[in-house]
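Open the model in your viewer and keep the selection panel at hand. We will go stop by stop.

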Amino acid sequence: MKSTDLATETRDTDGQMDEKIRQYLAETLLIEFGDVPGATNEDENLFESGLIDSFGFVQLVSFLEKTFDIKITDDEVMSDALSSFAKIRTFVETKVGQ
Amino acid sequence: MSAASELVLCTRCVLPTTFPGITFDATGLCSMCQEAPPAPEFEKIRGELRQKLEAVFEANRGKAEYDVVVAFSGGKDSSYTLMMLAQKYGLKCLAVTIDNGFIAEQAQKNLRSVTSALGIDFMLFTPAPVFMNKLYKTSATTTVHTKAALTRASSMCNSCINLINNHMVKLSIEKSIPIIAGGYIGGQVPKDSVIMTMDLDVQARFRSEAIKRYLRNFGAEAESYFGMNEEMVKRSPLRKINIVNPMLAFGVSEEQIIEEIATLGWRKTADTGSNSTNCLLNDLGIAVHFKQHQYNPYVNEIAEQVRTGLMSREEAVHKVQDIPDFSRVERQARAIGLDWNEV
């Protein structure tokens, strides 16, 4: 089983959340961050850069909801809250903490 | 560039080591197979998906002139999808085909035979050939799609699929048809796309980004094919569209599909290569993709068929290693004005 599919039974630390999101983006959407050749900047807008399309976004929202047991509203989907890796991480940390 | 037969393939499915985003264990098993359940368990999963599909059909039946608009290429999978939706589920279907200028002669006959045998309405839309040729040529020579999208289909196919999808959404809105059905099989679309709900307001943000990309790559004419009349969207009583890909829930082999649709007068094409049953351009898309990425763009769906027990590994190996050389696709390349050296 992928670590990204694991239900979050106990609350992840911020570092674990970061790793799960990072791993999902690398394995499923093939977007890599960090110290690898051709890596994407963590603040880069994933839509404007053409790194994520509507299919990818639907998958990402579904992954975040299942993995971190959160509900993402339509308003949040329509906002810029999930437009970069840094914003996704902040968004998840805030939602899980609520 | 390696020949397809030289690639190291997963020992269960047929994903090669050149396929992005996967790893292999010491026994040669790819990470997707390591995570996948045994083949028999997929039937249980498909059964649950069929129940969810039936619930969507029941909730939307009889609400508009048509229950469902079906993206119908005339190939085996969309023909089977149409047959199931019309015959088994009794849905009122509108079959819609986009003529990309490269539909094989037999496939054109199949469009008529299948819709006629099923007694359903059929629409054909032919985008300007000059635009379609530009779309294919640009897709073969430029980065248009995300890396993830390219693991599911060639760049040329992705561009065509997106044009088709946009046309289906337009028709769905125009006619308030609550369901759009595609004939995509496992590996061609994300795993959780057997039923997806498209919120038209939420999608507006993606449309604006996507249209910028298409205008940049394909020119101003792209607006007609990838754009959306936002006023029409706002006025539509439809706020959400159900996008369904029933083949992900059916679990039938290629042989079974061909046997069943033969009863509708469907016949296999002889000139569309080993991975298509309708498009004369398909082999060119495969050849271009292999040259650029060193794996067959059909390998993801073929591997999924093997993993779920719908295709033998032996047959799959044969299919993924069938990469056309340039001499086999030279005529198609010339038709879209593509120089092989530009790829």
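A pocket, as used here, is an open set of grid points with protein on both sides within 12 Å along at least five of seven lines. The volume is the space filled by probe spheres set on those points. This is a predicted model.

**Stop 1: the second largest pocket**

Start with the second largest pocket, which holds about 940 Å³ of space. Its lining counts 44 residues. Select A:Ser54, A:Phe55, B:Asn162, B:Asn165 and B:Gln203: of the lining residues, these are the closest to the centre.

Now colour by element. From chain A, α2 (54-68) supplies at least two lining residues. From chain B, so do α7 (155-174), β4, β5, α8 (200-218) and β6. Which element gives the largest share? Select α8(B): it brings 9 residues. Colour by class next, and the lining shows 23 nonpolar, 13 polar and 8 charged residues.

**Stop 2: the sheet in chain B**

Select the strands of chain B in the order β3-β2-β1-β4-β6-β5. These 6 strands form an open sheet with mixed pairing. Its edges are β3 (121-125) and β5 (195-199) of chain B, each pairing on one side only. Look along the sheet: neighbouring strands are turned by 25° against each other on average, direction ignored.

Zoom in on β4 (residues 179-181) and β6 (residues 240-244) of chain B. They run parallel and are joined by 3 bridges. Pick B:Ala181, and you will find B:Val244 of β6(B) opposite.

**Stop 3: the cavities**

How many cavities of 30 Å³ or more does the structure hold? There are 3. Select its lining: B:Ala4, B:Leu7, B:Leu9, B:Pro16, B:Phe290, B:Asn296, B:Val299, B:Val320 and B:Gln321. By class, that is 7 nonpolar and 2 polar residues, with no charged ones.

**Stop 4: confidence in chain A**

Finish by colouring chain A by pLDDT. The mean is 86, and 89% of the residues reach 70 or more. Compare the helices: α4 (residues 85-97) of chain A has the highest confidence, at a mean of 94, while α3 (residues 74-78) of chain A has the lowest, at 87. Last, select residues 1-8 of chain A, where pLDDT stays under 50. For this stretch the model has 16 contacts beyond four places in sequence.

How values were computed: Residues numbered from 1 in each chain as written. Chains lettered and ligands numbered in written order. Predicted model: local features only at pLDDT ≥ 70, side-chain atom pairs only at ≥ 80, totals over all residues. Heavy atoms only, no water. 1 Å grid on protein atoms, 1.4 Å probe; cavity = no way out; pocket = protein on both sides within 12 Å on 5 of 7 lines; lining within 4 Å. Nonpolar A, V, L, I, M, F, W, Y, C, P; charged D, E, K, R; others polar. pLDDT = per-residue confidence, 0-100. Helix = DSSP H or I, 4+ residues; strand = E, 2+ residues; numbered from the N terminus. Contact = heavy atoms within 4.5 Å. Pairing = 2+ DSSP bridges. Axes fitted to C-alpha atoms, helices over the stretch in contact; angles between N-to-C directions.
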